[in-house]
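Let's learn to read a few features of a protein model together. Take a look first, then we'll talk.

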Amino acid sequence: MLACVDVDYRPDVTVAACVLFRHWTDATEAAHLVDRGPIAAPYEPGQFYRRELPHLLRVLAGVQEPLEAIVVDGYVWLGDDKPGLGAHLYEALCRAVPVIGVAKTPYVTTGPALPIVRGQSLRPLLITAIGMETATAAEHIRRMHGASRMPKLLTQVDRLCRAS
């Protein structure tokens with residue numbers, strides 16, 4: 001099983017969502033999970049993971065099948081040897097599940113991100129990974145269903161967060 005995860009912040013609740021799918025090319029989800037939790041920690045520059053990680057771990061705790069990989073909206077690495085959200089998630093999961101980061105905008109010290117272009121977009125997505133080669137992760141994201149810049153299931157998990 002594969003998973004796309006995202007988090008949405010509101011004044012009174014934080015919503016984490018997980019869309020599960022079986023193959024990188026799937027057009028539809030196999031299932032989804034939503035967790036409505038406490039207000040997220042305040043944002044700290046360079047410490048974004050502190051804000052999202054607890055919520056992602058809660059929603060992922062509900063997944064019943066073993067995961068082959070997790071896709072996060074953001075970075076695994078913020079620079080060479082500087083862990084981002086994805087690297088912290090990988091460690092929190094005892095290095096058992098590879099994590100792929102898909103970022104839409106460059107970070108100041110993006111470092112080892114691999115740019116890919118999907119659909120008709122001229123703006124690349126920036127791919128980082130841990131637990132698998134970045135080139136392999138980029139190929140998985142490139143193959144995901146959808147004709148637009150963002151893969152359909154990544155867009156779906158974002159909408160699920162916002163609508164729940």
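Predicted model: local features only at pLDDT ≥ 70, side-chain atom pairs only at ≥ 80, totals over all residues.

Q: Which residues of helix H2 are buried?

A: Buried means under 20% relative accessible area, with a 1.4 Å probe and protein chains only. Helices are DSSP runs of H or I with at least four residues, strands are runs of E with at least two, and both are numbered from the N terminus. In H2, residues 85–92, the buried ones are Leu85, Gly86, Ala87, Leu89 and Tyr90.

Q: What do the buried residues of H2 pack against?

A: Contact means heavy atoms within 4.5 Å. Here the partners are H1 and the strands S4, S5, S6, S7 and S9. After H2 comes Cys94, with a positive phi near 60°.

Q: Is Thr128 buried or exposed?

A: Thr128 sits in strand S9 and is buried, at a relative accessible area of 1%. Leaving aside residues up to four places away in sequence, Thr128 touches several others, including Tyr75, Trp77, Ile100 and Pro112.

Q: How far is the backbone nitrogen of Val76 from a polar atom of the Thr128 side chain?

A: Those two atoms are 2.7 Å apart.

Definitions and conventions
Residues numbered from 1 in each chain as written. Heavy atoms only, no water. Buried < 20%, exposed > 50% of the residue type's maximum accessible area, 1.4 Å probe, protein only. Polar contact = N/O pair within 3.5 Å; in protein donor to acceptor, adjacent residues only side chain to side chain.
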